[in-house]
Amino acid sequence: MSTRIDKGYYWFLLPGVVLFLIFIMLPFIMNFYLSFTRWSGVGTPVYIGLSNYLRAAGDFNFWLSLRNNIVIIIVLTTIPTVISLFIAVFLFQYVAVKLGRTTANIFKAGFYLPQVIPVVIIGVIWKWIFQPNWGALNDILQRMQLGNLTQNWLGDPQYALGAVLTVMVWFQIGYPLVIFMSALQRIDPQMYESARVDGAKGMRLFYYITLPLISPEFYVVILTTIIYSLKIFGPIFALTRGGPGNATIVASYFSYKNFFEFSNVGYGATMSTILSLIIMVIAVLYIRIQKAREYEGE
Amino acid sequence: MKESEKMDKTPIIMTRKKAPLPKRREKRRKIICVVLLTLFLIAFLIPVVLIVINSFKDEAEFYAGGALRLPDKPSLDIFREVWQTVEFDVKLFNSLLISSVVACLGLVISVLNAYAIGIGKIKWGRFALFFFVFAMVIPHEALAYPLYYFMIRVRLYDTKLAVILIFSILQSAYGTYLLSSVFRTFPAQLIEAAKLDGCNKWRILHIVVALNKPALSLLMVFYFIWTFNEFFLPLIFLVSNANQTIPIAVTLFQGQYTGYATMQSACALLGILPCVIFFFIFQRTLTRGMVAGGLKG
């Protein structure tokens, strides 16, 4: 077998690399440069050194955006993961066994349905439900004689972030569910058999066999969810546009506002640069773990 | 901690097998289980159910009876009205056009990249892969403004072509990453044999593509759906009515028609329908790929 490297293959990489440089690398570098400038979008950007970064350090809304992203990360990595884990185990170990795999798959598809819809339209649907005057949520509360619990869910700074988080949890459940269901399929049933022979049952089987064996999928779910939560934009745009006030502002929306509403291009670029750096660190971590997993598998 | 301590203290006892339940009780338990699970699923999907039932009412009926009542005499009038106001046929066409072209172009770019890296095993392949991973995870707002400025300069702002170009390359990053590792495992003997038979690199590329059709079609489905669902960049680049895609049109419609409950709901339903149809067409491919994929989120 010849493993000599053939130079001719470089030509095949050419279109991809050229397009990558034009549409991704160049804009990214420009954006990075803009974060050191003051620019309204017209004229020439004025170099101002680290001023934008210093301004960000003391800007309440800058930190509020990042804080909201962190809250979203914490909620989305925990609640949907735990709920979907229980649904997955129940569907796989009870429903699929007692009622057949087709039934289990139908339920799986049902919980996965929100994931199929563009997330911004999920936002549109829930905004319609949260509407204070005629929305379905307040309507339901009133019919249950709980009229005093009705709120302007998205219009009240006290509840807006909670409402957004509820929507995101609802949307997210299907994602870990599908991943965990296929992870469970991978486990050798003999593992359970021999554990049962040793006297383990119920929760113990879950703790000592199921959980450790699907831990690779846990990493995948958690790291991808973190990246997803950091990038979140559509649902915020549809539900609250960052408001009321800045109660639900997130990093991407902060950049968007500075770019296109305040014409503070340099400052918007500062936020997006910082966000990119954070995401890259997490991505590198993800790939490390993926690689380690591949070696384990071999 | 606690669990493991308990584990140590409990003596290991062989569990006695429970006597099998009488058939009828077993059956009843199954039925209860299905009913409970179904109720739970319906409760979970209530937002979608509400959107469906309220899209067939007129505004007067909605304000009289609220969101929870089934329509008295369901009609498609609201749909017709929303369809015309939104020019839904135009938006659907735009979405389908952009997504399919991106799926094809993105696939071509990924295959060429992965061919050089996975089969050609070029020297800087691993290094190049690093950059494609970068393209995969980068938040779009870190590219948005320079691209916006650039597209205005080259007069591509507010054209479908701008979005097609940007997404073809953005999406191809994932395929490059995935296919490079798929192609790496391609049997070297096969390539050697093809070379001996006088195949040049293009012929070999044909062979590689022909033998990896399942992976390639999976990627195309992904690119199509992802692009169809995209929001941020299309929002910036597609400002005129004639160019907008479905997610944008639906979102902006809600902002404009704030007082029209059933029109909003019908519009959202129109936005959901194509995606649900894709889901039923591609269901098996998609759920399989969910696990293979990842970083896109």
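Me: How many of the 10 residues of helix α13 (residues 251-260) of chain A are buried?
Reply: This is a predicted model, in which local features need pLDDT of at least 70, side-chain atom pairs count only at pLDDT 80 or more, and totals for chains, interfaces and linings use all residues. Residues are numbered from 1 along each chain as its sequence is written, with chains lettered from A and ligands numbered from 1 in the order in which they are written. A residue is buried if 20 or more other C-beta atoms, placed from the backbone, lie within 10 Å of its own, and helices (H or I, at least four residues) and strands (E, at least two) are DSSP runs numbered from the N terminus. Helix α13 of chain A is largely enclosed by the rest of the structure, so the buried count is 9 of the 10.

Me: What is the radius of gyration of chain A?
Reply: Chain A holds 14 helices and 2 strands. The radius is taken over C-alpha atoms, and the globule rule is 2.2 Å times the number of residues to the power 0.38. For 298 residues that rule gives 19 Å; chain A is well over this, so it is more spread out than a compact globule, with a radius of gyration of 24 Å.

Me: Which helix of chain A gives the most to the side that touches chain B?
Reply: Residues are in contact if their C-beta atoms, placed from the backbone, lie within 7 Å. By that rule 74 residues of chain A meet 74 residues of chain B. The chain A side divides into 53 nonpolar, 14 polar and 7 charged residues, where Ala, Val, Leu, Ile, Met, Phe, Trp, Tyr, Cys and Pro count as nonpolar, Asp, Glu, Lys and Arg as charged, and the others, Gly among them, as polar. With 14 residues, the most is given by helix α1 (residues 10-34).

Me: At what angle do the axes of helix α6 (residues 88-119) and helix α9 (residues 160-184) of chain B cross?
Reply: Axes are lines fitted to C-alpha atoms, for helices over the stretch in contact, and angles run from 0 to 180 degrees between N-to-C directions. The axes of α6(B) and α9(B) come within 6 Å and cross at roughly 40°.

Note on methods
Contact = placed C-beta atoms within 7 Å. Buried ≥ 20, exposed ≤ 12 C-beta atoms within 10 Å, placed from the backbone.
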